[in-house]
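Q: Could you take a close look at the salt bridges here, and tell me how exposed their partners are?

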Amino acid sequence: MSSENAGNEFTTFPTGDDTSDESDVRRAVAPHQRDFPYERGEEAQVTRREFCNFLALTSTALFVSAAGFAAKAALDSRATESFTPRRIEGAEALAPGSALNFRYPTEDDTAILVRTREGEYHAYGQKCTHLACPVYFERQRQRLECPCHEGGFDVRTGGVLYGPPPRPLDEIVLERRGAEVWAVGRKAGEHERSV
Ligand code: FES
């Protein structure tokens with residue numbers, strides 16, 4: 001996850017889902033607390049200036065944190081493209097632990113639908129993100145592999161497991177309509193490598 005620095009030493013904020021405003025604020029004010037130690041017995045000696053500094057830091061922390069979440073949301077929405085929905089023929093009958101190929105969003109775009117052993121569906125563009133060789137489903141190891149330079153991808157996330165690919169596979173966004181599985185969009189695999 002990225003860090004942001006608003007130009008002073010107090011504001012470095014991870015923006016991952018595992019953080020909260022509370023931890024952001026605590027992290028932001030830690031140097032301030034070190035420079036201005038707080039002792040219960042000295043509570044009465046806290047000056048107006050220290051209190052104002054604290055408020056300014058807290059406001060900055062909240063602002064930067066909110067900006068980080070907004071930027072992440074904007075990035076996510078940019079990365080997903082909607083296309084004309086198309087039913088994936090044969091998806092309903094696909095056995096767990098196997099895969100089939102289909103074309104989406106156009107007839108020139110080959111894609112691969114995987115049904116995990118647990119029954120979940122995941123789909124990806126078939127082009128390897130290294131040099132565009134087609135990936136395939138390796139049934140024994142339950143992962144997507146690229147034969148050109150031994151690249152490997154996680155079937156649940158599309159993330160790179162090993163090899164030279166620089167980024168995850170493009171994800172085909174799926175929608176369940178009853179028993180049917182439809183492709184409805186494509187999401188560029190722009191996030192960082194999973195390993
Ligand atoms: S093209 Fe897939 S690893 Fe090189």
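A: Happy to! Let's start with R141, which is partly exposed at 46% relative accessibility (buried means under 20% relative accessible area, exposed over 50%, and partly exposed in between, with a 1.4 Å probe and protein chains only). R141 forms a salt bridge with E145, with 2.9 Å between the closest N and O atoms; the term stands for a side-chain nitrogen of Lys or Arg within 4 Å of a carboxyl oxygen of Asp or Glu. E145 itself is buried, at a relative accessible area of 6%.

A word on the basis: this is a predicted model, where local features need pLDDT of at least 70 and side-chain atom pairs count only at pLDDT 80 or more, while totals for chains, interfaces and linings use all residues. Residues are numbered from 1 along each chain as its sequence is written, and side-chain values use heavy atoms, leaving out hydrogens and water.

Across the whole structure, a search finds 11 salt bridges. One of them pairs E81 with R186 at 3.6 Å, N to O. This pair links distant parts of the chain, 105 residues apart: E81 lies in strand 1 (residues 80-87) and R186 in strand 10 (residues 180-187); strands are DSSP runs of E, at least two residues, numbered from the N terminus. E81 is partly exposed at 40% relative accessibility, and R186 is partly exposed too, with a relative accessible area of 22%.

R167 and D170 also meet through their side chains, at 3.0 Å from N to O. R167 is partly exposed at 30%, and D170 is partly exposed at 21%.

Conventions: Helices (H or I, at least four residues) and strands (E, at least two) are DSSP runs, numbered from the N terminus.
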